[in-house]
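The structure is shown first, and the spaces are then taken one at a time.

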Amino acid sequence: MSQTMQAVIAQSPGGPEVLTLVTRPVPAPGPGEVLIRTVAAGVNRPDLMQRSGALPAPADVSDILGLEVAGEITATGEGVDPAMRGTAVMALVKAGGYAEQVTARADHCLPIPEGLSAQEAAVLPEGLFTIWHNLFDRGALRPGDHVLIQGGASGIGTLALQLARARGARVIVTAGGAEKCARLAAMGVDAIDYRTADLTAEVLRITDDRGVDVVLDILGGDFINKHLACMAPGGRHIGLSFMAGMIAPVDLGLVIRKGLWLSSSTLRPKSDAEKSAIAADVRKNLLPLIGQDKVRPVISTVLPLAEVAKAHSLLEGGQNLGKIVLTTRESAK
């Protein structure tokens with residue numbers, strides 16, 4: 001087996017053009033880790049933020065980009081059952097997913113649901129961990145609740161709306177343009193075109209003026225108060241990212257009168273133990289919902305690793321409905 005591999009790094013902070021294919025040594029799994037021969041990797045917005053310099057990677061991780069993969073375990077580190085070798089898995093990784101091989105903690109790996117391809121599995125881990133922790137744990141989404149998911153056409157959005165429906169919630173999403181809204185509506189949700197509609201008025205109309213119980217927000221900024229205005233008493237507002245701005249005035253009067261909860265969380269800084277606990281919850285509560293003829297990821301585009309710059313450009317331009325996948329050289333053989 002080759003001792004080197006192809007991988008993608010950002011040569012310097014900047015646009016997609018700074019992404020470079022390099023040759024690196026194959027990493028060795030440490031204690032509690034496995035080595036995965038990557039078949040496919042998901043592309044996520046934190047990857048774009050790392051590449052641009054807006055959100056640098058932690059100092060103790062590889063400079064190779066990529067946070068989620070699917071593939072086959074080829075080696076195990078100390079303390080890991082050797083029987084895991086040869087197992088097909090999907091995994092959340094700290095870094096290094098844009099490569100032909102990557103190490104992952106064994107307890108951050110999940111089995112690939114029956115009926116899913118490796119490409120589909122590769123785009124699940126980041127979404128499953130994020131959605132469980134934010135929508136179902138912190139957001140306490142319950143059957144019968146109304147939830148507003150901003151960015152319904154994104155990878156997180158298309159997965160979250162399916163999981164919310166599968167667990168009995170009523171779902172409203174936003175997207176840009178009539179075509180995206182029509183495709184999302186066909187998935188069984190109410191879709192609002194944020195470019196033309198009055199968001200607060202539309203949400204209140206759909207919910208008969210009651211409002212939504214949970215908001216999954218990727219925008220932040222001035223949208224915060226629009227969300228608060230269309231939330232039901234006791235509603236939970238969960239911030240995932242802040243594409244419209246990190247600083248915003250908040251109408252605390254609305255928060256107090258309605259008894260609203262404002263919360264936010266991100267995966268990457270969490271400890272290994274916290275991620276392991278989330279993985280266990282995902283395995284128990286969400287994996288049974290995923291597979292053939294069940295919830296499954298929406299794939300927008302599949303590209304080879306060498307076309308990573310194009311993948312970032314597509315995601316940055318908002319041209320995708322669902323996730324963008326990178327496949328490795330080995331998986332293309």
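## The second largest pocket

In this predicted model, the lining of the second largest pocket is made up of 11 nonpolar, 5 polar and 5 charged residues. The volume of the second largest pocket is about 290 Å³. It is lined by 21 residues, and those closest to its centre are E33, K94, A95, V102 and T103.

Two or more residues of this lining come from each of the elements β2 (19-25) and β6 (101-105). The largest share, 5 residues, belongs to β6.

## The largest cavity

Searching the whole structure gives 2 cavities of 30 Å³ or more. The largest cavity has a volume of about 50 Å³.

Around the largest cavity lie the lining residues L67, L92, V93, K94, E126, L267, R268 and K275. Sorted by class, this lining holds 4 nonpolar and 4 charged residues, with no polar residues.

## The second largest cavity

The classes here are 4 nonpolar, 2 polar and 1 charged.

## A residue in two linings

Which spaces involve K94? K94 is among the residues closest to the centre of the second largest pocket, and K94 is also one of the residues lining the largest cavity.

Conventions. Residues numbered from 1 in each chain as written. Predicted model: local features only at pLDDT ≥ 70, side-chain atom pairs only at ≥ 80, totals over all residues. Heavy atoms only, no water. 1 Å grid on protein atoms, 1.4 Å probe; cavity = no way out; pocket = protein on both sides within 12 Å on 5 of 7 lines; lining within 4 Å. Points joined across faces, edges and corners; volume = space filled by probe spheres on them. Helix = DSSP H or I, 4+ residues; strand = E, 2+ residues; numbered from the N terminus. Nonpolar A, V, L, I, M, F, W, Y, C, P; charged D, E, K, R; others polar.
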